[in-house]
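These are my notebook entries on a single model, written down in the order in which I looked things up.

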Amino acid sequence: KLGPNGRSARWRRRRRRRGGGGGGGARGLQARSGEGSQRLTDHPAAAKDLLKCTAFATADEYHLENLCSDLMSSGYHEITDLPRGFKGARLHLQPCLLSQALGCSGNMATVATSLCLLAIETIDGEVQQYRPSTSNPDASNVLVIGTDMLAKPNDYGLIFLFREGSVVFWNVEDKTVKRTMQILEPHEIQPYEIALVHWENEEVNYRISDGHSKLHRGEILLNSNLEPDESILEKFAFSNALSLSVKLAIWEVSLDNFVESIQFIPEMLKAGKHVKLSRSEVMQKIGELFALRHRINLSSDLLMTPDFYWDRIHLEQLYDKTCQFLNINRRVKVINEKLQHCTELTDLMRNHLSEKHGLRLEWMIVILISIEVLFELARVIF
């Protein structure tokens, strides 16, 4: 039975187990941490210091470059404290490096060098070799935006926009959140349904406190003694995990919809009925399944820690703890098991259709041979 949001009771139970209860993760996180509304009412000072971090996944991808320009023209300001590759360094080619390594010279070495090997000359004049990689150890796929429209004066307002189509708000008033979402719309690639975006969000409470930053009983505690750039890095680590969680939630919905679309197949097979699916429909289902599998396992950071954290141990710990709290690894395991089952079912249907097609060809051959025999008999008799 569907509820007012079009979700089944099974769906709502699953959301409650994840701590999202129909409108994001804030109530679930408070429940798991034992800090519900009654407790906050009993401690007004604690409620006053409590800030909110909210994450949404709105599309498959953003055009960050154009989006940055629109945000700047709308009164926001970009924050560039995150590492963006090799700032302050000059990139130039060194043909001699590759020619010495490969024993080639002239134009061949220059072309090969431009494709394979670069040298970086730093400000101090020191030259080092650098091999380009397909992975990004910096935060070049993230846009960090600051705003003066704060929900509370305890902290500054930050917005993290991930190229993969998710956005995380820190201490931003609700009116500004809605305005930002409207600015995002023209820059979204394959946007999601608005109702789904607001249903599958994550809300986490946080506060500024003494001591090291950490995730404690469902609440983020940020070190009050950090420099602004260090605080932004820590917020980025938390935001990275939250953005993965909301993206995974969207993919979980997509998989649930896919499962519902093929749910009739095993029931009809069990009843011994004929499954009315054409070959093109089966191939379309296989394409949807592999596209979802590709996004989850190959185009995201769900299966491994991003390279950004390889030399930032403290940030990696914050990222891993948040992923662990959001059950990301377990959810990925469950969704991959479901994908495997769906793959087996679609393979069964494809093989069944292939057998039917082969059987049809065999009967056509038999009929043609029979017709040829009849013509030959007619020729002999008459």
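The side chain of Arg331 meets that of Glu252 in a salt bridge, at 3.1 Å from N to O. Arg331 lies in helix H14 and Glu252 in helix H10, so this pair ties together parts that are 79 residues apart in sequence. I checked Glu252 as well and noted that it is buried, with a relative accessible area of 9%. I keep in mind that the model is a predicted one.

Searching the whole structure for salt bridges, I found eight. Among them is the pair Asp155 and Lys235, whose side chains meet at 2.5 Å, N to O. Asp155 lies in the loop between strands E7 and E8 and Lys235 in helix H10, so parts 80 residues apart in sequence are tied together here; I also noted that both residues are buried.

My search for disulfides returned zero. Looking at individual cysteines, I noted that Cys323 counts as buried at 8% relative accessibility, and that Cys342 is buried too, with a relative accessible area of 2%.

Phe308 and Ser140 are 168 residues apart in sequence, yet their C-alpha atoms are 9.9 Å apart in space.

Last, I looked at the surface, where a nonpolar patch with about 900 Å² of accessible area together includes Ile365, Leu377 and Ile381. Ile381 lies in helix H14 and is exposed, with a relative accessible area of 63%.

Technical notes
Residues numbered from 1 in each chain as written. Predicted model: local features only at pLDDT ≥ 70, side-chain atom pairs only at ≥ 80, totals over all residues. Heavy atoms only, no water. Patch = residues over 30% accessible without salt bridge, like charges linked within 9 Å, V, L, I, M, F, W, Y side chains within 5 Å. Areas by Shrake-Rupley, 256 points an atom, 1.4 Å probe, with all protein chains shown as cover. Salt bridge = Lys/Arg side-chain N within 4 Å of Asp/Glu carboxyl O. Helix = DSSP H or I, 4+ residues; strand = E, 2+ residues; numbered from the N terminus. Buried < 20%, exposed > 50% of the residue type's maximum accessible area, 1.4 Å probe, protein only. Disulfide = S-S within 2.5 Å.
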